[in-house]
Amino acid sequence: MIRLGHILQNTIAGIAFLLILGPTIVVVLVSFSSAETFTFPPPGLSLRWFVEFFQADNMTSAFLFSMRVGATSAVCATVLATLAARFVVRQRGVTSGLLQSLFTAPLVFPAIILGLALLLFYRTINFGGPGGLILAHVLIGMPYAFRLVLASLQSFNQTLEEAAQSLGAGPFRTFFLVTLPIIWPGVLSGGLFAFIVSFGELNVALFLTGPGYNTLPIEIFGYLQFPGRQLIIAAASTLQVAMIIVLALTIERLVGLARIGKS
Amino acid sequence: MPSSSIAADGSPLGDLLRQLRSWSLVALPILFFLIFFAGPLLYLFVVSLLEPSQTELYGTNVTLQNYAKVLGDEFYLRIIQRTLLVGALVTGIALLIAYPVAMAIARMTPRWRIIAMIALMFPLMLSNVVRAYGWIAVLGRQGVVNTVLTQAEIIDAPLALLYSIEAVVLGLMTILLPYMIISIANSLTGLDRSYAEAAQSLGAGPLRTFIHVTWPLSSPGVAAGMQLVFFLTLSAYVTIALLGGPRFSLLVSMVYRSAMAFQWTFSAALAFVLLGVALGVGALIMLVLRPGRVQGRG
Amino acid sequence: MAAGEIDVRLENVSKSFDRVEAVKDVSVDIPRGQFFSLLGPSGCGKTTTLRLVAGFEHPSAGAIYIRGAAVTRVPPYRRDYSMVFQNFALFPHLTVAENVAFGLRMRRVPGPERARRAREALAMVKLEGLAERYPRQLSGGQQQRVALARALVVQPAVLLLDEPLGALDKKLREEMQVELRELQHRLGTTTLFVTHDQEEALTMSDRIAIMRDGVIEQIGQPREVYERPRTEFVASFLGVSNFFDGRITAAANGSATVDLGFGQAVLSHRGTVGEAVRFAVRPEKVRLGQISTGGFAAQVREIVYRGVTTHIYLDCHGNEVIVFLQNASSDALAWRIGDAVAFSWERDSAVVLDRG
């Protein structure tokens, strides 16, 4: 009876993984297709669509823009997250809980509403452009970085900081010479995670991008709304898959991806 | 050694100054959150209560007409209904599939569990547009399904599988499934096995152990997963647009469209109705599942 | 004694955490070169007191001076002390040599001199050759010495030690106690040592303060505190004591006769007739003899052989009296359970305790 239950569970698990990963695998396979239009399975292998991608101005500029936005917002998000986590880890009880809720709030808040709110806000004060998007992504990426840095600090032995202070190191030197060198994997992972989140982010970018400064997902979305020449999107997707694999493996080596499991 | 010039020890002023100085560390993040998170949201809420204007962003009079328009018009009510339906379907089906998968994961050895978790987290890091495109590749006219069915000569002409509520539910469900699985799996792996063993020692078979022990104790993970999946469904404009087509509108589509049409006050009201739906369903989930009765980890 | 000779002074220092008073109105002077121990059970406030001197806690009231300078409001990294932590707190990302040189680096000592002094410090704790290792590659005892070297190399005015030997096993701990003491003597560094182990405190200190519930119950040299405890707590925390209660029936010329119920004892004590007294007698000061030799009657209830000593538990009219006898020099081994005996003590062995 229990064995039957286990078999059932495993079967459903297999189906689930197929449903989750299948479509993406199809896309990656098709991106190497030599055909002119979408055919599955691909008749032959070719890199033509990757070439097309890199030759398409709007695609490459969107890709570079996404990288720029991602890197900038990730760095800022990580700095803010580290400041916040450093403070929160020293607090007890109510303050700690409140601050943690504040700094992780953007995670659960519907991004669409955030995007709209920021758009209106920027309009009112006549601000906007790439800067506006970057700041929005700092807000969105910060909770992820915060959680990772906080986890690192929680397993950090605080008496090390006291030892440094007892030897004459002030707060700054203590942080840069003792704390940071020990928690840097958590900090770096936080930054990488914030970058990944920013790169793939859609809902806020929908409102805050515009002609001349589109992120890659927005550019892809635009493309997909009209039929035709969609294989270039497959190439773009595969590139993102490759990038995410590299970054995810890096994070795994640094802090162990599975530990971040909780959403 | 330098000594301080501040007077009496333990003075309240000295303590206060020291407290303030220690908070200076976190001042920047808090300020950032106030200016770019809390501030704009409050602003949007206020705007939702103002009358629309043709010339300015919004008028000056406070009014409930925006909300009245949303909640009074049958058109919008039907859209809200459809949104709730899609949300319920996506969340419900995800739960049904995720729970057995989570149980399977909880049974794995730590090494395989980590691999499974990574395999689940990986697609979450891809942009939703790429995953939606994956379903276009599978369900489209020249997609995998149609190709296979045509080649197997089960059908003559390709089926229009996209641009339907089924496609939207399927796409969203699979995109958000990892969240649900991870949430429930975390809950289940955190469960102390001795609870189930105690139940069995008291005479409960596998089914009753599940009903009376496993399920209630996993309710925090289930509740968190359901809330997350539902919230994300509400926001998933791109997926809905791509898989549902231009004539398939949910509440989020209305928010986007009215904003692009510069109907600020109306889109603000729509946004907060969306938020209200999210919070309402979230509260409902908490009420039904009552995860609060599970205090602390297993 | 000039004021400059007092290296550490706590003046009416109190510290509360959320309405719990951890340290209550503590005043202590530690002269230069002294090895001073704070002894007490866990929760008595000794660690809090140490952390107040270190600057990791701020006093709710009172003032703290290091070498005459008021440091109450000075942050830890600007006070002239160094500290050895209970879990050693060696920086895991630095080598042993870099760990030891850290304090010198903070004081902007140039590189070559830093390296030289670090090597000397390591030699002083007998760890030359381990300079390039990382803390995780060392045993507990070795890590302890590195922590010590790191603290001593900066030649601090005061050395603070927070139960530094707690993590070591018994044999190693006893070795380190002796080494630590020798080192301290040689360098002459004023030392504040916190421990809950009374044997350790007695072995190593020039002066001991026994703390309970945030208050210092008694300060004095080890011998003085041990031989003449002032309160019941001190008498029972340091070693073992027998307690007797009685009422003074006669008092004259510094001597008091006390009625114990089962007999009378004469104590060196200035008291008044009718006054209730409680006094303590150390088990090793109690003499045992046959009933005929005089003393208080009792029966042997239990005998525990302890190698160097034998512990004999007597029952005296329902009260338990403990006697320690040296196996080598007495007839400790002659007694049997159930024997009727008489016990007594020399007049000055009894210490009258403060009330309350």
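In this predicted model, strand β15 (residues 286-289) of chain C runs antiparallel to strand β19 (residues 340-345) of chain C, and four bridges join the two. Within this pairing, C:Leu288 has C:Phe343 of β19(C) as its bridge partner. Strand β19(C) also pairs with strand β16 (residues 296-306) of chain C, again in the antiparallel sense and over four bridges. Here C:Phe296 is the residue that stands opposite C:Phe343.

Chain C also holds an open sheet of four strands, ordered β2-β1-β4-β5, with antiparallel pairing. Its edges are β2 (20-31) and β5 (69-70) of chain C, each of which pairs on one side only. Helix α1 (residues 46-54) of chain C packs on this sheet and touches β1, β2 and β4 of chain C; the direction of the helix makes about 65° with that of β2(C). Strands β1 (residues 6-17) and β4 (residues 61-66) of chain C are antiparallel and joined by five bridges.

| Strand pair | Sense | Bridges |
|---|---|---|
| β15(C) and β19(C) | antiparallel | four |
| β16(C) and β19(C) | antiparallel | four |
| β1(C) and β4(C) | antiparallel | five |

Chains A and B meet through 66 residues of chain A in contact with 68 residues of chain B. On the chain A side, helix α1 (residues 2-31) of chain A gives the largest share, 16 residues. The residues of chain A that touch chain B comprise 50 nonpolar, twelve polar and four charged.

Technical notes:
Residues are numbered from 1 along each chain as its sequence is written. Chains are lettered from A and ligands numbered from 1 in the order in which they are written. This is a predicted model: local features need pLDDT of at least 70, side-chain atom pairs count only at pLDDT 80 or more; totals for chains, interfaces and linings use all residues. Two strands pair if DSSP finds at least two bridges between them. Two residues are in contact if their C-beta atoms, placed from the backbone, lie within 7 Å. Axes are lines fitted to C-alpha atoms, for helices over the stretch in contact, and angles run from 0 to 180 degrees between N-to-C directions. Ala, Val, Leu, Ile, Met, Phe, Trp, Tyr, Cys and Pro count as nonpolar, Asp, Glu, Lys and Arg as charged, and the others, Gly among them, as polar.
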